[in-house]
Structure formats: C-alpha cells, structure tokens
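Please read the following points beside the structure, taking them one at a time.

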Amino acid sequence: MIQRIVPYLTTTDPAPVRDFYVGVLGLEVAMEDPVLNLRSPGNPAAQIIVQRPGSPEPRFGVDVGTPDAVDAAHAEAVARGLRVVYPLTDEAWGVRRFFVADPSGSVVNVLAHAATMR
C-alpha cells in the first residue's frame, strides 16, 4: 500500500529553500542529511525532499509501506526489464530503497522505512 508520494527538488544551495518552505509555508525540518526533508507539522506524510545535484537524481519518491513491498517492486521492475539506476539498498538512516527509471525516463525512489523507524 502506498503511504505517500514525495516530490524532490534539486538545488546547489538548500538554505534559502529551507527558509522559504519553513518561514513562508510553515513546514518543519524532519532531516538535513543526506537530504533536506521538509514536512507538514499537521500531516507528516506531506513532505518535500531537497537534494543537491548529483546522478542519479530521483524526481520523486514513492513510499510503498514496508521493506517487503520494496523488494516486490524491485523484483517486478527487474522482471519488466526496467533500468534500475540505484541498487536495492538498506540505508544507514533506516530506509530500504532503490531507484528505477520509469518508461518516460523519470527516476523514481521506491522506498519504505524499516519497522523501527515508524
């Protein structure tokens, strides 16, 4: 079950972006490393990720709910011959994920938080 879909912004200077979304729109900082994660205080599923330029850069992330669902999506992407541009990985900050290019070429971060992160 999809938990949330999060857009990704890319900038070389995240500080003014953070100041805009926090100061003008009232989001809060949920994480600053390895990316800036901003979320709504009243609805934590409403988020924006701000990343620095690099390759590959996902356009958005899809939280599929559980690490098992990430594994299933990865298996399906591989079975369909889609281009996996970042391998299936358990990140140090408690996320299991991979990046895949959709048929339009947009890179999608398919992820789920480990049970201990929820």
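1. Arg18 and Asp19 form a salt bridge, with their closest N and O atoms 3.9 Å apart; the term means a side-chain nitrogen of Lys or Arg within 4 Å of a carboxyl oxygen of Asp or Glu. This is a predicted model, in which local features need pLDDT of at least 70 and side-chain atom pairs count only at pLDDT 80 or more, while totals for chains, interfaces and linings use all residues. Residues are numbered from 1 along each chain as its sequence is written, and side-chain values use heavy atoms, with hydrogens and water left out.

2. Arg18 also forms a salt bridge with Glu32, where the closest N and O atoms are 3.2 Å apart. This pair links distant parts of the chain, since Arg18 belongs to helix H1 (residues 14-23) and Glu32 to the loop between S2 and strand S3 (36-39), 14 residues apart; helices (H or I, at least four residues) and strands (E, at least two) are DSSP runs, numbered from the N terminus.

3. Is Glu32 buried or exposed? At 51% relative accessibility Glu32 counts as exposed, whereas Arg18, at 24%, is partly exposed; buried means under 20% relative accessible area, exposed over 50%, and partly exposed in between (1.4 Å probe, protein chains only).

4. Arg96 forms a salt bridge with Asp71, the closest N and O atoms being 2.6 Å apart. Arg96 is in strand S7 (residues 95-101) and Asp71 in helix H2 (residues 67-79), so the pair ties together parts 25 residues apart in sequence. Arg96 counts as buried at 17% relative accessibility, while Asp71, at 29%, is partly exposed.
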